Amino acid sequence: MKLTPERHLSPQPPSVAERDLVQASAAIPAADPAAAKVPSPSILAGRLSPLVGGPGAKVSAVVVDAVTGRPLFQQRANVPATPASTTKLATSVAALATVGPQHRIITQVVRGAGGGVVLVGGGDPTLTALPARPDASHPPYASLSELAKQTARSLKASGVRRVQVDYDASAYQGPGSAASWKPNYLPDGELAPVTGLTVDEGRVAPGDPTRKERVSDPPAAAAGTFARLLSRNGVAAKAGRAAVASKGAAQLGAVRSPPVSALVEHLLTESDNDVAEAMARQVAIKQGRQPSFAGAAQAVRQVLAGLGVADGVLVNDGSGLSPRNRISPIALARIVSLAAGPEHPELRSVITGMPIAGFSGTLRPPRYTGPTSQAGAGLVRAKTGTLAGISTLAGIAYDADGRLLAFAFMAGDGKGPVDPGKLDQLAAALATCGCG
């Protein structure tokens, strides 16, 4: 992959919520990354190889010059490995490239049979029944309460004071969980069953961050919540049954998710499995494939192929929970480089969404606070990945000379303990390397 040095853009600065923290640390250089010296592969190898541990170590690694796409350091770089949540990088690039950063997912209510209404999900997992938080670090989520107010106004204007709320979750199809997922993922609250209609990610107690449990039937739960909200707004309502809204049915109300760019930033920063699976299905819908696990996986790879970064990528889900996913380190680094480059500005949310080392998301402390990695705090932006016996890290860093580098470090084979601190140490060594 060739990127044009003259037009290469630095990644956008961190979000407002993160900016003060980053300014308190070592700032990312503002110099033109194409003008800085390219690291010497031999010097870089001398710095990273002892940390990787040599050919016998269970660490695969690659460092790529983000300006030219040239690999500068490789150890099993072309060998597919289990990516865990770094799979979300592939999902996010595919979503931004297809539906676009400004796309918003619509949840609506339409008239149903027998004088009732149908709550129609568009697949937005961030739809919420909670009140808006002024201190939230994201744009306002679509509000089920607002949708109930709109619907109640429309119904009362036509003289309707009592309704049954049926629900349409047909936006997404197929099973709610992947066959390759561990059976404890849903009971433990790693995510809710994947469905076209859910409220507050199907959480049993969405206002309590200490509780991860999810409801077993998110669409039915959403309809029940909506019926209660309608009743509070002067229309007596009861939850009904699953239905498919008629085409052309009169709309009574509608709310929209934040733009996909904001959803991608959130899913990468917090490694949100629910939003990742929704984004994969949005890709499938746009590509004309079935919005299921199989259809989404096919669609994501199809989009990556069109971007020239599909080699070495095999996915079974959008979140990375599947241990059957395989992505090579060089593929991850190329995906990151593509998002960091000037040729696809629609992908920039991948860069701004990756956690900042030592400050945000899944790289917040205690990561990058120890003596072997703290030098990378504020200098590394990367997506983490964790499964049993697997740890991965893929992202970007400027080196000490101001050259923008993309990297992917993948450790473990799923059969024994792994230390994510080793990957943080590698990224910190890369960021502080004056290897030109």
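**Figure 1. Buried residues of helix H8 in the predicted model.** In H8, the residues Phe293, Gly295, Ala296, Ala297, Ala299, Val300, Val303, Leu304 and Leu307 are buried. The model shown here and in the other views is predicted. H8 spans residues 293-307, 15 residues in total, and extends 21 Å from its first C-alpha to its last, close to the 21 Å expected at 1.5 Å a residue. Its buried residues are covered by elements that include helix H3 (87-98), helix H7 (273-286), strand S8 (313-314) and helix H9 (329-340). Gly308 follows H8 and has a positive phi, near 85 degrees.

**Figure 2. Crossing of helices H7 and H8.** The two axes come within 8 Å and cross at roughly 70 degrees. H7 and H8 are therefore roughly perpendicular to each other. On the H7 side the contact involves Glu277, Ala280, Arg281, Val283 and Ala284; these meet Phe293, Gly295, Ala296, Ala299, Val300 and Val303 of H8.

**Figure 3. The largest nonpolar core.** This core has 56 residues, and Leu89, Met279, Leu304, Ile335 and Val350 are those with the most contacts inside it. H9 gives the most to this core, contributing nine residues. Leaving aside residues up to four places away in sequence, Ile335 touches Leu89, Ala90, Val93, Leu304, Val309 and Val313. Another core, of 30 residues, lies apart from it and includes Leu48, Leu426, Ala429 and Leu430.

**Figure 4. Helix H2 and its covering elements.** Leu44, Leu48, Leu51 and Val52 are the buried residues of H2, which runs over residues 41-52. They cover an arc of only 95 degrees around the axis, which puts them on the same side of H2. Ser42 and Pro50, on the other side of H2, are exposed. Strand S1 (59-65), strand S2 (71-75) and helix H11 (420-431) are among the elements that cover the buried residues of H2. After H2 comes Gly53, with a positive phi near 105 degrees.

Figure 5. Ser92 is found in helix H3 and, at 0% relative accessibility, counts as buried. Not counting residues up to four places away in sequence, Ser92 touches Val264, Leu267, Leu268 and Val350. Helix H6 (residues 260-270) is mostly covered, with eight of its eleven residues buried. These are Val260, Ser261, Ala262, Leu263, Val264, Leu267, Leu268 and Thr269. Just after H6, Ser271 has a positive phi of about 55 degrees. From Ser92 to Pro206 the C-alpha to C-alpha distance is 25 Å, and the two residues are 114 apart in sequence.

Figure 6. Phi of Arg76 is near 55 degrees, a positive value in a residue other than glycine. Ala84, also not a glycine, has a positive phi of about 50 degrees. Arg76 is partly exposed, with a relative accessible area of 30%, whereas Ala84 is buried, at 0%.

**Figure 7. A cis peptide bond between two prolines.** Pro365 and Pro366 are joined by a cis peptide bond, with omega about 20 degrees. Pro366 sits in the loop between helix H10 (348-353) and strand S10 (380-387).

Methods
Residues are numbered from 1 along each chain as its sequence is written. This is a predicted model: local features need pLDDT of at least 70, side-chain atom pairs count only at pLDDT 80 or more; totals for chains, interfaces and linings use all residues. Side-chain values use heavy atoms; hydrogens and water are left out. Buried means under 20% relative accessible area, exposed over 50%, partly exposed in between (1.4 Å probe, protein chains only). Helices (H or I, at least four residues) and strands (E, at least two) are DSSP runs, numbered from the N terminus. The arc is that of the directions from the helix axis to the C-beta atoms. Contact means heavy atoms within 4.5 Å. The expected span of a helix is 1.5 Å times one less than its number of residues. A nonpolar core is a set of buried Ala, Val, Leu, Ile, Met, Phe, Trp, Tyr and Cys residues joined through side-chain atoms within 4.5 Å. Axes are lines fitted to C-alpha atoms, for helices over the stretch in contact, and angles run from 0 to 180 degrees between N-to-C directions. Angles under 35 degrees count as roughly parallel, over 145 as roughly antiparallel, 65 to 115 as roughly perpendicular and the rest as oblique.
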